[in-house]
Amino acid sequence: MESVVNDTIRYVIKSMRHIRKGDISSAILVILIELGFCPQSDGFGHLRKAISQRCRDPDQRFAELYASVGKMYTPEVGSFQVEQAIRSAISAAWESGSRENWACFFPKDRDGNWKKPSNGEFISRLACMLELWSSCREE
């Protein structure tokens with residue numbers, strides 16, 4: 001497990017060398033695009049906001065997180081629509097993105113199978129890695 005974490009941190013640092021320390025928003029954008037997310041999808045915007053919020057408040061429940069992201073757009077966008085848009089974006093990127101890039105964050109399981117991450121797994125893993133990147137990056 002330690003080698004997976006080290007590989008992931010190296011990938012994140014390599015991919016974001018040009019981003020200044022603490023610029024979580026730009027770092028999220030770079031990672032999502034490298035994983036194959038389509039910036040035009042609603043889920044892309046929702047994911048950016050959700051990951052950013054998760055970095056600020058890692059203990060927030062996902063139902064509250066989705067509701068909060070929905071309110072950033074309009075009161076009509078509810079937590080269910082946000083959750084569905086994120087799920088759809090993750091599925092599309094999982095199918096079309098680079099397996100090599102995805103493997104840096106979500107390696108094969110013990111049986112050697114790829115498993116698409118859930119919304120919560122995806123958001124939490126990226127938020128955690130971004131926090132590590134932000135805290136250990138050299139000036």
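**Notes on an all-helix predicted model**

1. Let's start with L32. Setting aside neighbours within four places in sequence, L32 is in contact with F37, F44, L47, R48, I51, F122 and L126. Keep in mind throughout that this is a predicted model.

2. L32 also turns up when you look at the largest nonpolar core. That core has 32 residues, and the ones touching the most other members are L32, F37, L47, I51, W102, F122 and L130. As for where the core comes from, α2 (24-34), α3 (42-56), α4 (62-73), α5, α6 (99-105) and α7 (119-136) each put in at least two residues. The biggest giver is α7, with 7 residues.

3. Stepping back to the overall layout: the protein chain has 7 helices and 0 strands, so the pattern along the sequence reads α-α-α-α-α-α-α. Of the 139 residues, 40% are buried. Among contacts with a separation of 6 or more, 60% are between residues 24 or more positions apart. The accessible surface comes to about 7900 Å², and carbon and sulfur atoms account for 50% of that.

4. A search of the whole structure gives 8 aromatic pairs. In one of them, W94 and W102, the ring centres are 5.1 Å apart and the planes stand at 85 degrees, so this pair is edge-to-face. W94 and W102 are both buried. Another of the pairs is W102 with F106: here the centres are 5.8 Å apart and the planes are at 40 degrees, so the pair counts as tilted. W102 is buried because its relative accessibility is 0%, and F106 is buried too, at 6%.

5. Which residues make up the aromatic cluster that holds W94 and W102? The members are F37, W94, W102, F106, W114 and F122.

6. R99 lies over the face of W94, at 4.1 Å from the ring centre. R99 also lies over the face of W114, with 5.5 Å to that ring centre. Both W94 and W114 belong to the aromatic cluster.

7. G36 is worth a check. G36 sits in the loop between α2 and α3. Is G36 buried or partly exposed? G36 is partly exposed, because its relative accessible area is 29%. The C-alpha atoms of G36 and A93 are 4.9 Å apart, although 57 residues separate the two along the chain. Not counting residues up to four places away in sequence, G36 touches A93, S96 and G97.

8. On to charges: the count comes to 3 salt bridges. One of them joins R87 to E83, with the closest N and O atoms 3.0 Å apart. Why are these two about one helical turn apart? Because R87 and E83 are 4 residues apart in helix α5 (residues 79-96). R87 is partly exposed at 36% relative accessible area, and E83 is partly exposed at 25%.

9. A second salt bridge brings together the side chains of R61 and E64, at 3.6 Å from N to O. R61 counts as exposed, since its relative accessibility is 53%, while E64 is partly exposed at 39%.

10. The remaining salt bridge is between the side chains of K115 and E121, with 3.6 Å from N to O. K115 is exposed, given a relative accessibility of 53%. E121 is partly exposed, with a relative accessible area of 36%.

Methods: Residues numbered from 1 in each chain as written. Predicted model: local features only at pLDDT ≥ 70, side-chain atom pairs only at ≥ 80, totals over all residues. Heavy atoms only, no water. Salt bridge = Lys/Arg side-chain N within 4 Å of Asp/Glu carboxyl O. Buried < 20%, exposed > 50% of the residue type's maximum accessible area, 1.4 Å probe, protein only. Contact = heavy atoms within 4.5 Å. Areas by Shrake-Rupley, 256 points an atom, 1.4 Å probe, with all protein chains shown as cover. Phe/Tyr/Trp six-rings, centres within 6.5 Å; stacked < 30°, edge-to-face > 60°. Lys NZ or Arg CZ within 6 Å of the ring centre and 35° of its normal. Core = buried A, V, L, I, M, F, W, Y, C linked by side-chain atoms within 4.5 Å.
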